[in-house]
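Work through the exercises below with the sequence and the model open. Try each task before you read its solution.

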Amino acid sequence: MGRILTLATNPAMIALFTALAVTGCASKKTLPNNAGELGLNSATPGSQQDFTVNVGDRIFFDTDSSSIRPDAAATLDKQAQWLARYPQYRITVEGHADERGTREYNLALGARRAAAAKSYLASKGVPASQMQTISYGKERPVAVCDDISCWSQNRRSVTVLGGAGS
Amino acid sequence: MPRLSKIVFLMAAMIMALAARPALAVVEIDINKANVEPLPIAITDFQSTDDLGAKVSSVVEADLKRSGLFAPVNRGAFIEKITNPDQTPRFPDWTAINAQALVTGRVVQEADGRLRAEYRLWDTFANQQLSGEQFFTRPENWRRVAHIIADAIYERLTGEKGYFDSRVVFVSETGPKNNRQKQLAIMDQDGANARMLTSGNDIVLTPRFSPNRQEITYMSFEGGQPRVYLLQLETGQRELVGNFPGMTFSPRFSPDGQRVIMSLQEGGNANIYAMDLRSRATTRLTDTAAIDTSPSYSPDSQQIVFESDRGGRQQLYKMNADGSNQQRISFGDGSYSTPVWSPRGDLIAFTKQSGGKFSIGVMRPDGSGERILTTGFHNEGPTWAPNGRVLMFFRQPAGAGGPQIYSIDLTGYNEQRVETPGYASDPAWSPLLE
C-alpha cells in the first residue's frame with residue numbers, strides 16, 4: 001500500500017499504474033475521470049482537447065440522484081470559467097444513467113441530471129441560450145462491467161462542445 | 001397481410017356444439033391451476049404430397065408444447081399410421097399410448113395456387129371429433145395457418161383464446177455494450193420470420209403495437225432529438241407524434257388506437273400526455289415535480305396505470321383516463337416500474353427492483369395480490385400475450401453480454417427463451433392477427 005501511495009505522487013506513474021491495472025484485470029476497467037488526471041497536458045488553450053483534458057468534461061452522480069456533488073460542483077465551476085473565457089462555444093449537456101434501472105425511468109433520470117448540470121452552469125454565468133441538453137438514459141455506458149465501481153462511472157453528465165440536443 | 005378465408009365444416013360445427021356441453025368434454029385442461037400437468041396429445045404429420053404437411057403440423061406441435069399445457073406424444077410411439085385424415089381413427093391405438101387428444105390433417109396445393117389446410121381434433125377416450133376446420137391461404141402463409149390451427153386446438157381444449165397467431169416487435173441489438181446498435185425488429189411470437197424495420201443508424205427504444213396491428217409507436221434518437229414516432233408496418237412510412245419542445249418517450253396506444261399516451265420531459269420532470277392522433281389535440285394528464293412515465297391504459301380505456309417517483313422511489317399509480325383521481329397502488333418493499341395492464345383487465349404486470357435484483361411480477365389493479373414470476377440480476381419490461389395468459393420480458397446478464405427475450409406463464413412456470421437473431425430487448429406483443 002505504501003508503495004502505491006509513493007507512486008501516486010508522480011502523475012506519470014499513475015498513468016503507468018492504471019494501464020497495468022487494466023491489463024491485469026480485463027473484466028474491470030477503471031477509467032480515469034479525464035485525461036488531465038493522467039498528467040497529459042499538451043492541449044492548445046481554448047481547444048476541445050484543452051476542455052476535456054484540463055477542465056474535465058464530465059461529472060458523476062449518486063444512484064438515482066441528480067444532486068450536484070461537491071466534486072462535481074468543482075468541475076462545473078471550472079467548466080463555467082473556461083466557457084466564459086471561450087464564449088464562442090455552444091454546449092450540449094448529455095445526461096446518462098447506469099444500467100441498474102428500467103429504460104423509461106433512466107431516460108428521464110438522465111434528463112434530470114443534464115438539467116441539474118445545466119442549471120448549475122447557468123447559475124455560474126453560462127448563458128442558457130448557449131446550452132442544450134439531451135438524455136441517453138442507460139443507452140450509452142462508458143464503462144462495461146458488472147460491479148458498483150463501473151456503474152458509478154456511467155451515472156454522469158458530459159458537457160460536449162457543440163453537439164446535438166434540445 | 002391478406003385475410004385468411006376460413007370455412008368451418010358443417011359437421012364439425014355440429015359436433016363442436018355437442019361437445020361443448022361439459023358432460024361430454026372428456027379432454028379438458030384447467031389452466032388456472034398453478035402447475036398444470038401437460039395434456040398428452042398426439043399430433044400426426046399432416047398429409048401432403050410434399051413436406052409442407054409435416055412442416056405445418058410441426059409448427060402446431062411446437063406452439064402447443066411451448067405453452068407448457070400440452071405434452072406432444074413421441075411420434076415413434078404411434079401405432080396407427082393415419083392414411084386418410086378424414087377417416088375416424090382407431091381410438092384404442094391412441095388411448096394405448098395415452099394420447100388423450102389426437103390431431104390429424106392435410107395440406108393441399110389447390111389448382112388456383114392457394115394452399116388448403118385442414119385439421120381435425122379428436123378426443124380419443126370419448127371416441128369423437130372435437131373440432132375440424134379448413135383454411136385457404138397463400139402458400140407463403142403456411143406458418144400462420146399452423147398458428148391458427150394451434151390456436152383453435154388450444155381454445156377447444158382449454159376454453160380460452162389462444163395467442164399463437166400473433167407477432168412481437170422488439171429492439172434487436174448488435175455490437176459492444178458501450179456502442180450498441182439498436183434496430184426495430186418484428187417476428188412471429190415463436191421467433192420465426194424475424195426482420196428488421198430500421199437501419200440501426202439511430203437509437204430506437206420501446207416499440208409498442210397499435211391495436212390495429214398495422215402500426216407501432218416507438219422512440220427514436222433520429223436527428224439527435226429523442227422523440228416518439230409512428231411507423232406503418234406495411235409501407236414503412238414514419239411520422240413524428242406531436243411537436244413538443246422536449247424529449248418525448250415511453251409511448252403506448254389507447255385500446256381504440258386513436259390516442260398515444262407518452263411522457264414529455266420538462267426540465268428535470270417528466271409528465272404524462274395523451275395525444276389524439278386524428279385531431280392532434282394533446283391533453284396533459286399529470287403535473288408533478290417528479291418523473292411520471294410508462295403509462296398503460298386499462299383495456300376498457302377508463303384508467304391509466306403509470307410509474308412515478310413523486311413519493312421518493314418509483315412506485316405504481318393509477319388514475320382516471322382524464323388524469324383525475326391519481327392514487328398509488330404499489331406498497332411492497334422496493335421500487336416498481338414499467339406497469340402494463342393485462343388485455344383481460346384483471347392484472348397489471350411490472351418490473352420490481354429490490355435487494356439488487358430485478359423481478360417481473362403481477363398484481364391486481366387495486367395493488368393487492370402481488371406475485372413475483374421471475375427474479376434475477378436484471379429482468380425488465382413485461383408484455384402480455386393477447387390472451388393475458390403468458391408474458392414476455394427481457395433479461396440482461398451482468399457484464400458485457402446482451403439481453404435476450406424470455407416468455408413465462410402467468411403462474412411463473414414454463415420460462416423459455418425466445419429465439420432472436422441477436423441480442424434483443426423491449427418486446428411488445430401484438431393482439432391476435434386477423
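Axes are lines fitted to C-alpha atoms, for helices over the stretch in contact, and angles run from 0 to 180 degrees between N-to-C directions. Helices (H or I, at least four residues) and strands (E, at least two) are DSSP runs, numbered from the N terminus. The model is predicted: local features need pLDDT of at least 70, side-chain atom pairs count only at pLDDT 80 or more, and totals for chains, interfaces and linings use all residues. Residues are numbered from 1 along each chain as its sequence is written, chains are lettered from A and ligands numbered from 1 in the order in which they are written, and side-chain values use heavy atoms, with hydrogens and water left out.

**Exercise 1. Describe how α2(B) packs on α4(B).**

Step 1. Take helix α2 (residues 52-66) and helix α4 (residues 142-158), both of chain B. Their axes lie 8 Å apart, at an angle of about 45 degrees.

Step 2. Classify the angle. Under 35 degrees is roughly parallel, over 145 roughly antiparallel, 65 to 115 roughly perpendicular, and the rest oblique. α2(B) is therefore oblique to α4(B).

Step 3. List the contact (heavy atoms within 4.5 Å). α2(B) contributes residues including L52(B), V56(B) and V59(B). Among those from α4(B) are W142(B), A146(B) and I149(B).

Step 4. Sort by class. Ala, Val, Leu, Ile, Met, Phe, Trp, Tyr, Cys and Pro count as nonpolar, Asp, Glu, Lys and Arg as charged, and the others, Gly among them, as polar. The contact of α2(B) with α4(B) has 11 nonpolar, one polar and three charged residues.

**Exercise 2. What area is buried between chain A and chain B, and which salt bridges join them?**

Step 1. Buried area is the accessible area (1.4 Å probe) that two parts lose on being put together, summed over both. Here it is about 2900 Å², with 57% from carbon and sulfur atoms. R100(A), R103(A) and E104(A) supply 24% of the area that chain A buries against chain B, more than any other three residues.

Step 2. Count residues in the contact: 28 from chain A and 46 from chain B.

Step 3. Count salt bridges (a side-chain nitrogen of Lys or Arg within 4 Å of a carboxyl oxygen of Asp or Glu). There are six between chain A and chain B.

Step 4. Inspect two of them. R103(A) pairs with D426(B), the closest N and O atoms being 2.8 Å apart. This pair runs from helix α5 of chain A to strand β30 (residues 423-429) of chain B. K138(A) forms a salt bridge with E380(B), with closest N and O atoms 2.6 Å apart.
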